[in-house]
Each structure stands twice: as structure tokens, then as C-alpha cells.
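Please look over the sequence and the structure shown here before reading on. The briefing that follows is meant to be read alongside them.

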Amino acid sequence: MTQKDHQPSSTAVRGIPEVDAVVVGAGMSGLYMLHKLRGLGLTVQVFEKGDGVGGTWFWNRYPGARVDVKSMDYSFSFDPDLEQEWEWTEKYPPQDELLRYINHVADRFDLRRDIRFETTVTEAVFDEDVDRWHVRTDRGDQLSTQ
Ligand SMILES: Cc1cc2nc3c(=O)[nH]c(=O)nc-3n(C[C@H](O)[C@H](O)[C@H](O)COP(=O)(O)OP(=O)(O)OC[C@H]3O[C@@H](n4cnc5c(N)ncnc54)[C@H](O)[C@@H]3O)c2cc1C
């Protein structure tokens, strides 16, 4: 959910906080989206129902869980330093290694400060009259894009 033609700010209209973008989920997609949108100078709020990052690799911890794509391909490629500094131990890493990697990325790019954990988005409605998303969570948060 993004809003075009915006300037970064964290304003509030009628007491409802506003951000440029709301991201649902702190799996690999949500983390990349947060990093990317921040880089564009946008304000972002991520909501994640779990109490940690990682999505699929946070929730699925059954014995033998591992990725079927080579780690070189199943990893972030947006930062050359990150690619150099992380050493995969296996070509097809197991779940716990993937989760360590994703946590490393969250720390390395200070992503957690814009993630609200243990919070489920329950409603996201686009209001065409004002060209904004209105988002609600199970914790009573209300947020609009600006
Ligand atoms: C068991 C399993 C094995 C897999 N193995 C492979 C594999 O080997 N290779 C491969 O390429 N892909 C695999 N996948 C696919 C995998 O899901 C993707 O590769 C990738 O991890 C998806 O990342 P994502 O961030 O888009 O979504 P997810 O990892 O699913 O993250 C979504 C996040 O959004 C959160 N969320 C959802 N709804 C809400 C809400 N309303 N409010 C707040 N938070 C919410 C969830 O808690 C979750 O953390 C597998 C998937 C599963 C389930």
C-alpha cells in the first residue's frame, strides 16, 4: 500500500497517524519492501503477527525443513557488502540458518524499529475520495497512508 507524490513525514490527521506506506508481514518480502521504501525516503510501518521476522522460516520449524533453492539465489542481493559478509554453511540451508540470516539482515539494516510485532492487520480499506489506505489491527491501531 503506497501513496504517490508524497514527502516523508509522520503527521497525524484527526489523531490518526499517517505514514507513506504500510507493509503487512515481516517475511523476506516485507523486510525488503521496508528497506527499499526507506531508501526512497518514505515513512513505513510494518505489522507482523508473529513475534519475530522471517515469515515462512519463522513459522515452519519442522525437522528437516530447508530451502530447495541454492542459498546464492535464495538470499537478498540488494547490498554487495551483505552478500560478501554472510557465509552460508550449506548450498541448500536449513530453516534455522535461514532464520539466523533473516534476523541478521533485520539487525544489519535496523529494520525492527519500524516493525510492530504480535500485531495482525485486520482491515485495509482504500478510500478513493481521499486517495488513502485506512488500516486497522487487532491491537486497536489505526493508520492511514498520506
Ligand atoms: C513450508 C514451506 C516451505 C517453503 N520452501 C520453499 C523453498 O524451498 N523454496 C522457495 O523458493 N520457497 C519456499 N517456500 C515459499 C516461501 O514462502 C517464499 O520463498 C518466501 O519465504 C515468502 O516470503 P514472504 O515474505 O513473501 O511471505 P512469508 O514468508 O509468508 O511472510 C509473510 C508474513 O506476513 C505475516 N502476516 C500475514 N498476514 C498478516 C496480517 N494480516 N497481519 C500481520 N502480519 C501478517 C506472516 O506472519 C508472515 O510472517 C516455502 C513455503 C513454505 C510454507
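Predicted model: local features only at pLDDT ≥ 70, side-chain atom pairs only at ≥ 80, totals over all residues.

- Three strands form an open sheet in the order E3-E4-E5, and their pairing is parallel.
- Strand E3 (21–24) and strand E5 (115–116) are the edge strands, and because each has a single partner strand, one side of each is left without a neighbour in the sheet.
- Strand E4, which covers residues 44–47, pairs with E5 in the parallel sense over 2 bridges, and Phe47 has Arg116 in E5 as its bridge partner.
- In general, strands of a sheet pair through backbone hydrogen bonds, either parallel or antiparallel.

**Salt bridges**

- The count of salt bridges comes to 11.
- Asp107 and Arg112 meet through their side chains in a salt bridge of 2.8 Å, N to O; Asp107 is exposed, with a relative accessible area of 51%, whereas Arg112 is partly exposed at 27%.
- Between Asp114 and Arg113 there is a salt bridge whose closest N and O atoms are 3.8 Å apart; here Asp114 is buried, with a relative accessible area of 16%, while Arg113 is exposed at 55%.
- Arg136 and Glu123 form a salt bridge, with their closest N and O atoms 3.4 Å apart, and since Arg136 lies in strand E7 (residues 132–137) and Glu123 in strand E6 (residues 121–127), the pair ties together parts that are 13 residues apart in sequence.
- Arg136 is partly exposed at 39% relative accessibility, and Glu123 is also partly exposed, with a relative accessible area of 38%.

Terms used
Residues numbered from 1 in each chain as written. Heavy atoms only, no water. Pairing = 2+ DSSP bridges. Helix = DSSP H or I, 4+ residues; strand = E, 2+ residues; numbered from the N terminus. Salt bridge = Lys/Arg side-chain N within 4 Å of Asp/Glu carboxyl O. Buried < 20%, exposed > 50% of the residue type's maximum accessible area, 1.4 Å probe, protein only.
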